[in-house]
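Subject: Structure handover

Hello,

Here is the structure for you to take over. My notes on what was found follow below.

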Amino acid sequence: MRLLFAGTPEPAVPALRALLASDHEVVGVLTRPDARSGRGRGVRRSPVGQVADEAGIPVLTPATLRDPEARAAIVDLAPECCPVVAYGGMIPPDLLDVPDHGWINLHFSLLPAWRGAAPVQAALEAGDEVTGASTFRIEAGLDTGPVFGVLTERIRSDDTATVLLARLAEHGAELLTRTVDGVAAGALQAQPQSADGVSHAPKVTVDAARVRFDLPAGAVDRHIRAMTDAPGAWVPLGDARLKLGPAVVAPEAERLAPGELRVGKREVHVGTATAPLRLGTVQPPGKKPMPAADWARGARAESGTILGADR
């Protein structure tokens with residue numbers, strides 16, 4: 001089939017590479033506009049756009065798909081199917097019928113669980129033991145379309161959102177390719193999603209990434225891992241923010257009040273509503289991540305200090 005692939009960030013790259021290596025023809029790539037990034041704030045192509053450039057494939061970067069020129073460009077490519085992975089924008093209803101076989105989305109959850117922009121973060125924070133990926137036909141509702149196929153993935157105790165998403169992206173690329181193969185062969189029919197088990201995973205904001213130490217240790221641990229690497233878990237540090245990397249629940253350590261620090265030569269513990277956490281890496285404002293003990297020495301943090309307290 002003639003495919004127009006829609007995707008933007010790094011987790012969409014494995015799927016694009018898999019489709020490029022398939023028997024289908026990727027006739028174009030739809031991605032978000034080039035954006036400023038990095039320390040130099042230079043304008044850069046999206047990861048998906050870079051792969052398309054390397055492959056010599058036409059790249060469309062409209063600011064909005066409601067632009068008549070964007071629609072005309074998509075129609076001109078005459079795609080038979082449009083696979084989508086983390087494109088980052090809504091597909092207008094008038095574009096859904098352009099390809100004969102529709103727009104097929106790879107979503108990183110077991111639908112109907114965790115519909116929305118941040119399914120991996122939501123699954124980690126909720127303490128799910130198993131997650132996965134689903135391919136479904138996009139319709140007007142948010143992640144509500146009928147499902148073609150699923151795969152499951154066990155969540156590991158040390159998974160961060162970045163690590164888990166990378167694993168799902170690799171395995172999901174295979175699922176998406178099999179789905180496109182099945183649709184092309186007329187051997188695969190999408191099935192309606194269940195009305196039971198629906199949950200939602202809205203986009204994670206920086207404010208939502210703040211750490212609360214008045215929660216049980218397990219919940220704090222999951223929250224930090226769910227926010228790693230982006231947008232990054234944090235606590236107030238004066239007028240700035242201290243980012244926290246993954247920590248370890250330490251039930252053997254002395255109980256501390258929520259947010260209370262216990263500073264040792266090699267370890268730093270912080271209290272929660274239950275057991276303390278042993279901090280891993282932290283990142284002070286304007287500096288690189290460092291071991292918590294190194295930060296505590298440099299910042300002259302003392303035992304008894306309440307971490308994350310508002311000024």
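The protein has eight helices and 17 strands; helices (H or I, at least four residues) and strands (E, at least two) are DSSP runs, numbered from the N terminus. This is a predicted model, in which local features need pLDDT of at least 70 and side-chain atom pairs count only at pLDDT 80 or more, while totals for chains, interfaces and linings use all residues. Residues are numbered from 1 along each chain as its sequence is written, and side-chain values use heavy atoms, with hydrogens and water left out.

Taken along the principal axes, the C-alpha atoms fill a box of roughly 65 × 45 × 30 Å. Of the 311 residues, 47% are buried (buried is under 20% relative accessible area, exposed over 50%, partly exposed in between, with a 1.4 Å probe and protein chains only). Among contacts (heavy atoms within 4.5 Å) between residues at least 6 apart in sequence, 63% join residues at least 24 apart.

Cores

A nonpolar core here is a set of buried Ala, Val, Leu, Ile, Met, Phe, Trp, Tyr and Cys residues joined through side-chain atoms within 4.5 Å. The largest one has 65 residues, and Phe5, Leu176, Leu279 and Leu307 touch the most other members. Helix α6 (residues 161-185) gives the largest share of this core, nine residues. At least three residues come from each of domain 1 (2-201) and domain 2 (206-306); the domain bounds come from an automatic or database domain assignment. Leaving aside neighbours within four places in sequence, Leu307 is in contact with residues including Phe213, Val235, Leu261 and Trp295. A second, separate core of 19 residues includes Leu65, Ile74, Leu95 and Ile138.

The annotated site

UniProt, in an unreviewed entry, places the feature "binding site" at Ser109, Leu110, Leu111 and Pro112. UniProt positions are given in the numbering used here, feature names are shortened, and annotations may be inferred rather than shown by experiment. Leu111 lies in the loop between β7 (103-107) and α5 (119-126), and Pro112 lies in the loop between β7 and α5 too. A cis peptide bond joins Leu111 and Pro112, with omega about 15°. Leu111 counts as buried because its relative accessibility is 12%; Pro112 counts as buried at 9%. Not counting residues up to four places away in sequence, Leu111 touches Ser134, Phe136, Asp143, Val147 and Gln193. With the same exclusion, the contacts of Pro112 include Gln193, Ser194 and Asp196.

Asp143, in the loop between β8 (130-137) and β9 (147-154), has a phi near 60°, a positive value in a residue other than glycine. Asp143 counts as buried, at 10% relative accessibility.

The largest pocket

The largest pocket has a volume of about 1300 Å³. It is lined by 43 residues, of which Ala86, Gly88, Gly116, Ala117 and Ala118 lie nearest its centre. (On a 1 Å grid over the protein atoms alone, a pocket is an open set of points where a 1.4 Å probe fits, with protein on both sides within 12 Å along at least five of seven lines; lining residues have an atom within 4 Å of a point. Grid points are joined across faces, edges and corners, and a volume is the space filled by probe spheres set on the points.) The largest share of the lining, four residues, comes from α6.

Ala86 is in the loop between β6 and α4 and is partly exposed, at 34% relative accessibility.
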